[in-house]
Amino acid sequence: MYSKKLPKNIKPESLMMSYGYESKWSEGAVKCPIFQTSTFAFKTAEEGKAFFEVAYGIREKKPNENLGLIYSRLNNPDLEILENRLCLWDQAEDCAVFESGMSAIATVLLEYLKPGDLLVYSKPLYGGTDHFINHFLTKYGIHVMGIHADHTRDEIVQKIESSGLGDRLGIIYMETPANPTNALMDISMCRDIGHQFTSDGHSVQIAVDNTYMGPLWSHPLSHGADIVIYSATKYIGGHSDLIAGAVLGSNEVIQRIKGLRTFLGNMAGPWTGWLLMRSLETLKPRMEIQMKNAAKVADFLLNHEKVEKVFYLGFIPKESGQYAIYQKQYSSAGAMLSFDIAGGESPAFAVLNSLKLIQLAVSLGGTESLAEHPYSMTHADVPIDQKHAMGISDKMIRLSVGIEDADDIIWDLDQALSKI
Ligand SMILES: *Cc1c(COP(=O)(O)O)cnc(C)c1O
């Protein structure tokens with residue numbers, strides 16, 4: 001991994017244009033080119049042998065020895081430089097990028113679980129993750145157990161103990177803030193629970209999908225998570241023009257994750273890597289505008305007579321337990337919100353159908369504002385009683401706030417709400 005010594009305290013946003021790349025590597029090109037190649041020439045046969053010894057774990061890497069470029073399923077400059085830059089936001093030791101958020105998530109779950117193990121996961125989860133856990137992992141004899149944001153530590157411990165599988169607990173997997181309700185899970189509490197079920201030769205991984213907040217204002221590793229996952233399709237890519245994922249953690253974790261990635265072959269391609277590097281240069285300014293816009297939009301919705309409830313992190317009541325988690329884990333309310341329309345599906349659909357500037361589409365975190373109906377779209381797969389338990393009703397609209405002028409977004413919502 002690249003480790004150029006830099007003066008202390010340089011912020012990630014200052015390094016997104018250059019970190020990990022040197023123009024002398026590529027004919028003086030200021031920007032990292034797209035290394036659209038499947039394979040890399042070795043200088044000598046001895047060098048090729050040495051690279052493979054490290055890549056396949058035949059021997060440990062010597063101090064200061066770099067894993068040379070071999071073949072684009074194992075490594076590629078566009079992916080390695082991107083991975084080095086992604087590490088900076090979360091202060092992670094290493095990172096692995098994938099061709100989608102789902103392949104990042106699936107690789108983590110497959111690497112750290114085996115038949116007979118127990119997976120504990122927070123609800124609600126991203127629909128694809130929920131499906132993979134409940135319809136795929138269970139086919140391979142992995143036991144799964146859902147927990148809620150309002151479960152106390154004792155209740156979670158009790159549930160794990162009464163399952164009789166405490167000694168097989170492999171992963172506690174969380175999505176926080178949760179999509180689409182913004183419910184928060186306490187990461188350090190889950191870390192403690194993980195420790196409680198750790199024994200000699202058996203450890204519990206704490207994994208956090210941080211996609212909904214994005215990499216700027218929350219750093220799960222600093223709260224005790226072992227693994228952070230992103231769908232880079234969302235804020236990181238930020239332009240709704242690519243699909244990608246990332247996993248971050250210690251060198252030890254990422255070595256295992258990259259090992260499985262090599263054999264599943266689900267790494268991102270060089271073109272996607274290059275696009276993501278381009279996106280990272282503007283990550284902070286984009287997210288800051290989105291966050292400021294969201295605060296204005298949330299205020300507008302809160303005061304609108306046809307809106308019953310707004311699910312926005314900036315509105316958590318100060319006396320609630322959720323507020324304490326918010327204060328501890330997040331430094332911003334982000335740009336994702338949901339709101340309930342008085343009535344039900346039909347007025348909610350009328351609003352969605354009347355939007356003129358905001359597009360009716362799933363996905364989130366991009367430059368354009370997007371609205372959708374979680375109950376019948378992203379969360380269609382979740383059983384109805386569970387949707388209601390989590391506060392996802394047919395009255396709810398989810399909004400990903402973009403970088404348009406805030407007044408224009410509000411104008412659009414106002415005219416659409418006036419149709420009902
Ligand atoms: C979109 C999303 C995913 C899946 O990512 P893809 O890039 O679409 O595969 C996972 N988790 C969350 C929270 C998401 O929003």
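Helix α4 crosses helix α5 in a right-handed sense (right-handed if the near helix is turned clockwise from the far one by less than a right angle, left-handed if anticlockwise). Before going on, note that this is a predicted model, where local features need pLDDT of at least 70, side-chain atom pairs count only at pLDDT 80 or more, and totals for chains, interfaces and linings use all residues. Residues are numbered from 1 along each chain as its sequence is written, and side-chain values use heavy atoms, leaving out hydrogens and water.

So what do the two helix pairs look like? Here they are side by side. Helices here are DSSP runs (H or I, at least four residues), strands are E runs of at least two, and both are numbered from the N terminus. Axes are lines fitted to C-alpha atoms over the stretch in contact, with angles from 0 to 180 degrees between N-to-C directions.

| Pair | Residues | Angle | Axes apart |
|---|---|---|---|
| α4 and α5 | 101–112 and 127–136 | about 35 degrees | 10 Å |
| α6 and α7 | 153–163 and 187–196 | about 35 degrees | 11 Å |

Start with α4 and α5, which pack at about 35 degrees. On the α4 side, the contact (heavy atoms within 4.5 Å) uses M102, I105, A106, L109 and L110, and α5 brings G128, T129, F132, I133 and F136. Sorted by class, that makes eight nonpolar, two polar and no charged residues. In this sorting, Ala, Val, Leu, Ile, Met, Phe, Trp, Tyr, Cys and Pro are nonpolar, Asp, Glu, Lys and Arg are charged, and the others, Gly among them, are polar.

The crossing of α6 and α7 is right-handed. R153, I156, V157, I160 and E161 of α6 meet M189, D192, I193 and Q196 of α7. This contact has five nonpolar, one polar and three charged residues.

Now for the ligand. Which residues come nearest to it? Of the 14 around it, they are M102, D209, S231, T233 and K234, where being near takes a heavy atom within 4 Å. Helix α4 gives the largest share of this shell, three residues, and the shell as a whole splits into six nonpolar, five polar and three charged. A ligand oxygen lies 2.8 Å from a side-chain N or O atom of S231, with 2.6 Å for T233 and 2.7 Å for K234. The protein covers 94% of the 380 Å² of accessible area that the ligand has on its own (by the Shrake-Rupley method with a 1.4 Å probe).

The K123 to P124 peptide bond is cis, with omega near 0 degrees, and P124 sits in the loop between β2 (118–123) and α5. Another cis bond runs from T176 to P177, with omega near -5 degrees; P177 is in the loop between β4 (169–175) and α7.

Methods: A polar contact is a pair of N or O atoms within 3.5 Å; within protein, one must be able to donate a hydrogen and the other to accept it, and residues adjacent in sequence count only if both atoms are side-chain atoms.
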